[in-house]
Amino acid sequence: MTKLKESVTFEVEGGTRLKGEITPQGAKNEALQILCAVLLTDKPVIINNIPLIRDVLKLIDLLGHLGVKTEKISAHSYKFEAKDIDLDFLYSPDFIKQGGALRGSVMIMGPLLARFGKCRLGQPGGDKIGRRRLDTHFKGFEELGARFSYDTENKYYNVDATDLQGKYILLEEASVTGTANILMAAVLAKGKTTLYNAACEPYIQQLCEMLCRMGAKIEGIGSNLLTIEGVKTLGGTEHTMLPDMIEIGSFIGLAALTGSEIRIKNARIDKLGCIPSTFKNLGIQMVFEDDDIIIPAQEHYHIDSFIDGSIMTISDAPWPGFTPDLISIVLVVATQAHGTLMVHQKMFESRLFFVDKLIDMGAKIILCDPHRATVLGLGRQQDLRGITMTSPDIRAGVSLLLAALSAQGKSTIHNAEQIDRGYQFIDKRLNALGAKIKRIEE
Ligand SMILES: CC(=O)N[C@H]1[C@@H](OP(=O)(O)OP(=O)(O)OC[C@H]2O[C@@H](n3ccc(=O)[nH]c3=O)[C@H](O)[C@@H]2O)O[C@H](CO)[C@@H](O)[C@@H]1O
Ligand SMILES: C=C(OP(=O)(O)O)C(=O)O
């Protein structure tokens with residue numbers, strides 16, 4: 001496995017037009033679910049199109065410590081075999097450290113509970129973007145008959161069960177990782193589980209399809225009502241990750257903000273939901289050719305108004321609404337549009353604070369409150385200027401990178417390892433389009 005550097009800085013020379021083709025990586029959030037699902041069987045599972053990003057590498061490492069055998073088949077394909085699982089590892093300090101390094105680790109709980117009757121976890125990591133409670137996960141496990149306890153002193157979540165029993169569960173929120181976790185527990189529970197208010201992002205749809213290929217019985221895939229008929233065991237399978245829709249949205253934003261012509265290859269346009277139409281609302285032109293998205297070089301783009309003439313608002317919502325993970329990108333793209341945009345980040349309360357850096361770069365943004373920002377587009381009458389900044393989270397980080405690429409002069413982005421959590425070799429791939437990004441690692 002690639003050795004990960006602790007600290008990464010990007011030095012970016014901005015103001016260059018980019019041109020060329022880029023192929024999106026496999027989806028980060030899907031990969032985290034799919035990798036956890038290998039724990040549900042002792043049979044081999046082959047996974048293709050694995051993005052080689054920080055969070056995924058860390059999860060593969062964690063699975064290895066749990067006893068999952070990993071074999072590299074090719075650059076992005078691995079074979080996993082969870083035959084001899086070492087549950088003692090759950091009680092080691094290393095486990096707490098490794099689990100705490102990413103959000104996705106929380107999804108080992110459902111599979112381990114279902115297959116071995118217990119699991120524990122310290123506070124999972126992930127973006128610091130506001131409160132990220134796990135109540136939905138644990139209430140779901142409890143509904144299936146598990147006992148849950150929280151060790152407040154050591155901050156451990158514990159679950160155990162002798163038998164999981166299917167039932168009707170109404171989730172209190174359509175949590176993405178929560179749905180994945182409860183679903184993975186329910187596939188091996190006795191009898192029928194009905195999950196209502198389930199998340200239905202493409203990540204979850206892909207997980208359901210993988211589980212069905214392993215022998216699970218799931219109906220309602222793609223909806224918020226999943227019906228699961230428990231089975232005794234699951235077998236092996238082969239799974240291929242979808243292209244990362246958040247990367248695709250980021251590349252659409254990159255092309256618009258830098259006035260560049262970019263072709264995004266093999267985008268699985270059928271799986272992008274309202275992402276393309278949301279960027280179209282910002283005035284960004286897109287041509288769909290086969291499964292590629294071509295964004296032509298556009299000097300100017302004009303934000304639409306609503307039909308009644310009122311100011312365009314873009315907000316996040318559970319799927320099929322607009323994903324919260326693209327809100328920061330939409331915001332940065334609006335800084336050079338013509339017109340005004342209200343950005344409403346409903347889910348997370350600390351995800352918009354990075355706008356102070358954009359304001360320092362010359363953007364006109366009013367942060368109305370932690371959830372809402374109004375962007376007054378500069379319409380390229382004034383360029384952003386390069387500055388030194390620190391990336392607070394993955395999506396803010398990539399938004400700052402986009403801003404730096406469009407700005408005049410040099411920008412320095414510290415804490416860029418945050419960007420590496422979700423974007424594979426981003427500097428190399430964008431430099432191949434003509435960007436000037438220098439990676440400094442310590
Ligand atoms: C590893 C992974 O897959 N991470 C994704 C996952 O995180 P994760 O699964 O942790 O996020 P959740 O879906 O649980 O919830 C995210 C936030 O939205 C709130 N919430 C959620 C559902 C809802 O109907 N109403 C509501 O307000 C929650 O209270 C929470 O604050 O989903 C998030 C929401 O799409 C994404 O930003 C993350 O990239
Ligand atoms: C919030 C995100 O990731 P995580 O849930 O892994 O922190 C994200 O991918 O934008």
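**Helices and ligand shells in a predicted model**

Reader: Is the crossing of α8 and α12 left-handed or right-handed?
Author: Helices α8 and α12 cross in a right-handed manner. Please keep in mind that this is a predicted model.

Reader: At what angle do they cross, and how far apart are the axes of α8 and α12?
Author: The axis of α8, residues 245–258, and that of α12, residues 394–406, come within 9 Å and cross at roughly 25°. An angle under 35 degrees counts as roughly parallel, so α8 is roughly parallel to α12.

Reader: Which residues meet there, between α8 and α12?
Author: On the α8 side they are Ser250, Gly253, Leu254, Leu257 and Thr258. Their partners in α12 are Val398, Leu402, Leu405 and Ser406. Sorted by class, this contact of α8 with α12 holds five nonpolar and four polar residues, with no charged ones.

Reader: Changing topic to α1: how many of its residues are buried?
Author: In α1, 10 of the 10 residues are buried, so this helix is largely enclosed by the rest of the structure. The buried residues include Lys28 and Glu30 as well as Leu32, Ile34 and Leu35.

Reader: What covers the buried residues of α1?
Author: The cover includes the helices α2 (54–65), α4 (109–116), α6 (176–186) and α7 (202–213). Strands β3 (45–48) and β13 (237–240) are also among the elements that cover α1.

Reader: Let me follow up on α7. How do the axes of α1 and α7 cross?
Author: The axes of α1 and α7 come within 9 Å, and the crossing angle is roughly 25°. The two helices are therefore roughly parallel to each other. The crossing of α1 and α7 is right-handed.

Reader: And which residues of α1 and α7 meet?
Author: Asn29, Glu30, Gln33, Ile34 and Ala37 of α1 meet Tyr203, Gln206, Leu207, Met210 and Leu211 of α7. The residues of this contact comprise six nonpolar, three polar and one charged.

Reader: Now the ligands. How many residues surround ligand 1, and which are the closest?
Author: Ligand 1 is surrounded by 18 residues, and the closest are Asn29, Ser175, Val176, Thr177 and Met347. Two or more residues of that shell come from each of α1 and α6. Helix α6 gives the most, with three residues.

Reader: What classes of residue make up the shell around ligand 1?
Author: The shell around ligand 1 has seven nonpolar, six polar and five charged residues.

Reader: What surrounds ligand 2?
Author: The residues around ligand 2 are Lys28, Asn29, Asp55, Arg103, Gly104, Gly126, Asp127, Asp325, Ile394, Arg395 and Gly422. By class, the shell around ligand 2 has one nonpolar, four polar and six charged residues.

Reader: One last residue. Where is Ile129 found?
Author: Ile129 lies in the loop between β6 (118–122) and α5 (135–143).

Reader: Leaving aside its neighbours within four places in sequence, which residues are in contact with Ile129?
Author: With those neighbours left aside, Ile129 is in contact with Phe348, Ser350, Arg351 and Asp393.

Note on methods. Residues numbered from 1 in each chain as written. Chains lettered and ligands numbered in written order. Predicted model: local features only at pLDDT ≥ 70, side-chain atom pairs only at ≥ 80, totals over all residues. Helix = DSSP H or I, 4+ residues; strand = E, 2+ residues; numbered from the N terminus. Contact = placed C-beta atoms within 7 Å. Axes fitted to C-alpha atoms, helices over the stretch in contact; angles between N-to-C directions. Parallel < 35°, antiparallel > 145°, perpendicular 65-115°, else oblique. Left-handed = near helix turned anticlockwise from the far one by under 90°. Nonpolar A, V, L, I, M, F, W, Y, C, P; charged D, E, K, R; others polar. Near = placed C-beta within 6 Å. Buried ≥ 20, exposed ≤ 12 C-beta atoms within 10 Å, placed from the backbone.
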